[in-house]
Amino acid sequence: MKESLVKTTIPARAEFVDLIRLMLYGIASKMKFSFEEIEDMKVAVSEAVNNAVVHAYGGGDGEIDVAFGISDDELTIQVRDHGVAFEPDGLGKPAPLEGKSIDEIQSGGLGLFLMQALMDRVEWKQEGGTSVTLAKKRARSEETA
Amino acid sequence: MQSNKLSLRTEKRDGLIIVYVGGELDLEVASQMRAALEPLLERVDQRLVINLHDLAYIDSTGIGILISILKARHARQAPFDVEQVPVHIRKLFDMAGITPFLAIAE
């Protein structure tokens with residue numbers, strides 16, 4: 001498959017997050033990812049977009065740019081906002097609920113954790129807002145290997 | 001924009017409240033889900049059951065709501081179960097580490 005970039009921009013509002021899931025589904029299906037891989041990516045991408053919706057513009061208006069990078073090796077999804085830089089503090093930490101009691105558990109950091117657990121690579125950059133790049137490698141089939 | 005992506009149906013029987021949650025439980029419909037469950041949390045004399053058989057998608061916001069229900073029921077020493085969790089959603093529960101806290105029935 002020729003390297004391609006598919007880009008879109010959505011308003012930074014919760015009601016548009018599922019549009020990105022639909023696009024992800026279409027692109028990942030074209031790339032012949034498995035049902036399970038697509039389900040994983042749907043959650044990871046939504047978490048990245050959710051973060052931008054919730055943190056970037058303090059509830060005000062703004063836009064989120066999403067770019068799907070298609071190549072032979074992998075699918076990358078870059079989610080970028082132009083708002084307040086969001087500094088993640090949970091990168092590389094274990095499952096937030098592990099080894100805790102019911103009174104201690106809380107859902108903070110769960111989105112970040114899931115993104116990392118579900119993708120092969122997660123890159124975080126602050127550049128006039130926040131940019132998160134998620135990547136999933138394609139399993140090579142016999143013919144293309 | 002009004003959304004019909006989340007479906008909620010409540011069934012009441014002797015000592016039991018079952019909430020059937022279907023469709024997509026994400027950031028957009030989180031407040032709808034919270035508002036529906038809020039009054040049920042206080043019903044300490046009833047066993048609260050959330051049935052996820054028709055749930056197609058959940059994100060960390062949805063899992064967060066389940067965690068808050070779990071904590072609210074635990075604090076009131078009131079029974080709470082989750083049943084019929086689809087395979088790909090069970091996988092997320094396992095990853096998130098929430099499975100050991102949920103009494104999951106088939």
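Two residues are in contact if their C-beta atoms, placed from the backbone, lie within 7 Å. This is a predicted model, in which local features need pLDDT of at least 70, side-chain atom pairs count only at pLDDT 80 or more, and totals for chains, interfaces and linings use all residues. Residues are numbered from 1 along each chain as its sequence is written, while chains are lettered from A and ligands numbered from 1 in the order in which they are written.

Start with chain B. Among its contacts between residues at least 6 apart in sequence, 72% join residues at least 24 apart. Chain B holds three helices and six strands (DSSP runs, numbered from the N terminus: H or I of at least four residues, E of at least two). Their order from the N terminus is β-β-α-β-β-α-β-α-β. Along the principal axes, the C-alpha atoms of chain B fill a box of roughly 35 × 30 × 20 Å.

Now the contact between the chains. Chain B supplies 24 residues and chain A supplies 24 residues. On the side of chain B that touches chain A, α2 (60–75) and α3 (87–96) of chain B are the elements that give two or more residues. The most come from α2(B), with eight residues. That side of chain B divides into eleven nonpolar, seven polar and six charged residues. Here Ala, Val, Leu, Ile, Met, Phe, Trp, Tyr, Cys and Pro count as nonpolar, Asp, Glu, Lys and Arg as charged, and the others, Gly among them, as polar.

Finally, a residue in chain A. Leaving aside neighbours within four places in sequence, A:Val45 is in contact with A:Ile20, A:Arg21, A:Leu24, A:Ile77 and A:Leu134.
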